[in-house]
Amino acid sequence: MSDSFPRNAQRLADAPDARRFDRLTLALAQGRNTTPEEPVAAKEAVAESDMLFDEAMRGDFGPWTVSRSIDLAVQWPHFEQLQVNAGRLLALGGDERASKICWRNMMTRFPASDTVLRHYVALLAEEIGEERAEAVLRAYRPQAGDDERELGASAPDPLPELDLLLERALAWRRDHPPRVARTALARIVLIGGTLGGGGAERQLVNTALGLQARRESGWPIGPVTVLCRKLDSRRGHDFFLPKLEAAGIHVADYLRAEAWGGSVADARLGPFAKEIEALPPRMREGAIRLTEYLRHEAPDVVQIWQDGSILAAGLAALAANVPRIVLNVRTMPPSARKDRRRAEQKQLYRALLSADGVTLTANSHGAARAYEDWLDLESGSVAAMPNGVETLDQDAGIRDRELWEAFTRKTGHGFTLGGIMRLDANKRPLEWLEIAARLAAQRKDARYILIGAGPLRSAAMDYARRRGLADRLLLPGRTPHIGYWLSHFDALALTSRHEGLPNVLIEAQLAGVPVITTPAGGAAEAVAPNPANLVLSDAGKVPHGEAVAQCLALANREPRAIRDDADDISGWARDNFAIETMIDRTLALFTSG
């Protein structure tokens with residue numbers, strides 16, 4: 001690796017006051033004065049830092065999250081991972097300039113780090129373009145091979161410890177082939193990260209409830225269990241828990257399971273305790289806490305939801321020799337999500353899918369094909385399992401009703417553009433607000449409701465003030481009463497960069513609300529072929545003008561056309577995304593050969 005970064009890449013950090021905007025570098029320079037607490041052990045610091053980043057990606061983001069991550073990095077200033085996580089959290093806050101400066105300064109502290117280099121160059125690409133940024137990457141690391149030509153996609157070396165563990169688990173499975181149930185299912189276990197209020201969590205809950213209903217109606221299905229990594233009520237991780245408990249479904253927090261099943265000597269992975277200690281924190285947790293639990297419960301099927309949970313639980317399910325393991329992904333693969341990549345992902349997925357009884361499913365055809373390309377699988381290897389979505393009731397909590405009534409008194413009546421999204425860099429709420437600002441210039445009576453929480457909430461509020469939207473914009477935050485708000489929308493817009501199959505588009509149409517969306521992932525598959533709906537022409541750069549023109553057309557419809565469009569799109573959504581259809585497909589998959 002060369003000794004200095006190319007001059008054309010240094011220009012972003014040349015300003016005399018550059019370091020003033022980099023909280024991480026400032027904190028490291030001040031040292032222990034910024035962290036009055038006693039330092040934690042290095043391993044615990046890395047585990048907590050990883051947890052903070054993971055929770056931020058799920059929506060639990062705030063000033064404390066960034067501050068604590070920086071504190072941990074200051075306590076162990078030579079641990080690269082701690083600074084990387086702090087840098088990623090700073091980036092989630094939405095200040096691109098400060099983020100670039102942070103990663104540039106990190107380059108000076110870790111000049112040999114591929115991870116830091118890739119993050120910095122990925123940020124450069126947004127400013128100078130991918131071709132020029134890739135040239136910078138190659139100038140700094142001329143030995144990059146052909147497999148690294150995609151910007152930021154250089155493949156880290158496989159983890160040798162994980163290779164060994166997967167090899168042993170696969171060998172055990174070959175020597176002791178499990179019996180795959182073809183009709184009756186004695187026990188089903190669904191595994192996810194949390195029961196927070198997200199779309200994937202909603203689908204997990206819908207699946208569990210649908211399976212439980214079939215069991216109660218006489219189908220040959222045993223108990224349904226839901227395992228989550230966390231059910232912390234303070235952070236909203238138990239949002240859907242009451243629905244599962246009301247249906248009599250057992251729910252457990254697997255981090256509370258006894259390590260090694262109570263005995264390292266008797267645990268299947270016990271002989272490999274040293275290798276397990278070298279795994280990333282989430283994989284280590286799963287191997288230690290879940291393997292023996294699953295061996296004891298002996299389910300016929302384990303369905304694991306989302307990439308993060310597959311990393312945590314995939315090895316455990318394989319080592320426990322579960323007969324049917326279904327890996328259920330909900331968005332585009334890591335190859336399309338530079339912010340979600342982990343060194344061990346491709347290594348784990350390919351090993352799991354080499355075993356009999358292991359299946360990968362996606363919730364859209366687009367995501368299924370993308371996973372096949374990423375993993376070099378044959379066409380049709382990944383099954384598309386569309387979401388099952390129910391029509392939301394229009395009940396309102398006291399707070400929701402009060403917010404709406406106050407907003408109506410303030411703004412009067414007019415075309416209402418709604419948005420329901422996590423306020424993060426992927427959903428791009430500032431792009432949504434730009435559509436609102438351009439519409440406001442042409443429709444003075446229009447008003448805007450953006451529901452959700454996340455790291456860009458403060459940035460969204462600032463942007464709305466700068467664009468003159470503050471008086472006609474409502475930001476209710478997170479709420480369980482989505483159906484109530486949908487009943488007040490004239491259209492819903494979604495500005496995502498990446499998606500699987502967005503529940504919110506289906507829920508809106510079930511309520512008769514037209515949708516406008518980028519063509520991210522499988523979003524187009526969730527949109528009825530009705531002229532009241534619009535799939536924009538680009539997911540990379542949001543075409544604001546197209547969205548505004550569609551809003552103006554919708555605002556000018558006659559009442560009869562509004563009713564006809566609502567009936568058509570709601571009927572289409574019911575026909576294509578019924579929960580009963582999803583459960584039929586799920587059971588067929590669970591009992592397939």
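W485 is buried, with a relative accessible area of 0%. Buried here means under 20% relative accessible area, exposed means over 50%, and partly exposed lies in between (1.4 Å probe, protein chains only). The model is predicted: local features need pLDDT of at least 70, side-chain atom pairs count only at pLDDT 80 or more, and totals for chains, interfaces and linings use all residues. Residues are numbered from 1 along each chain as its sequence is written, and side-chain values use heavy atoms, with hydrogens and water left out.

The structure holds nine aromatic pairs. Rings of Phe, Tyr and Trp (its six-membered ring) pair if their centres lie within 6.5 Å; planes under 30 degrees apart count as stacked, over 60 as edge-to-face and the rest as tilted. The rings of W404 and F407 have centres 6.4 Å apart and planes at 50°, so this pair is tilted. Both residues belong to helix α18 (residues 398–411), where they stand three residues apart, about one turn of the helix. Helices (H or I, at least four residues) and strands (E, at least two) are DSSP runs, numbered from the N terminus. W404 and F407 are both buried. W404 also pairs with W485, edge-to-face, at 6.4 Å centre to centre and 85° between the planes. That pair links distant parts of the chain: W404 sits in helix α18 and W485 in helix α21 (residues 482–486), 81 residues apart. The relative accessible area of W404 is 11%. Ring pairs link W404, F407, Y484 and W485 into a cluster.

Charges also sit over rings. The criterion is NZ of Lys or CZ of Arg within 6 Å of the ring centre and within 35 degrees of the ring normal. The charged end of R88 lies over the ring of F53, 3.8 Å from its centre. R214 lies over the face of W219, 4.7 Å from the ring centre.

The count of salt bridges comes to 22. Each requires a side-chain nitrogen of Lys or Arg within 4 Å of a carboxyl oxygen of Asp or Glu. R202 and E507 form one of them, at 3.3 Å from N to O. R202 lies in helix α10 (residues 199–216) and E507 in helix α22 (residues 503–510), so the pair ties together parts 305 residues apart in sequence. R202 is buried at 17% relative accessible area, and E507 is buried at 7%. E390 bridges to K243, with the closest N and O atoms 3.5 Å apart. E390 is in the loop between β7 (383–384) and α18, K243 is in helix α11 (residues 241–246), and 147 residues separate them. E390 is partly exposed at 34%, as is K243 at 36%. E434 and R438 meet at 2.9 Å, N to O. Both lie in helix α19 (residues 429–440), four residues apart. E434 is buried at 10%, whereas R438 is partly exposed at 39%. Salt bridges that share partners join R214, E580 and D584 into one network.

The largest nonpolar core has 54 residues, of which I191, I304, L327 and Y349 touch the most other members. Helix α15 (residues 307–319) gives the largest share, nine residues. A second, separate core of 33 residues includes L24, A45, I70 and L89. A nonpolar core is a set of buried Ala, Val, Leu, Ile, Met, Phe, Trp, Tyr and Cys residues joined through side-chain atoms within 4.5 Å.
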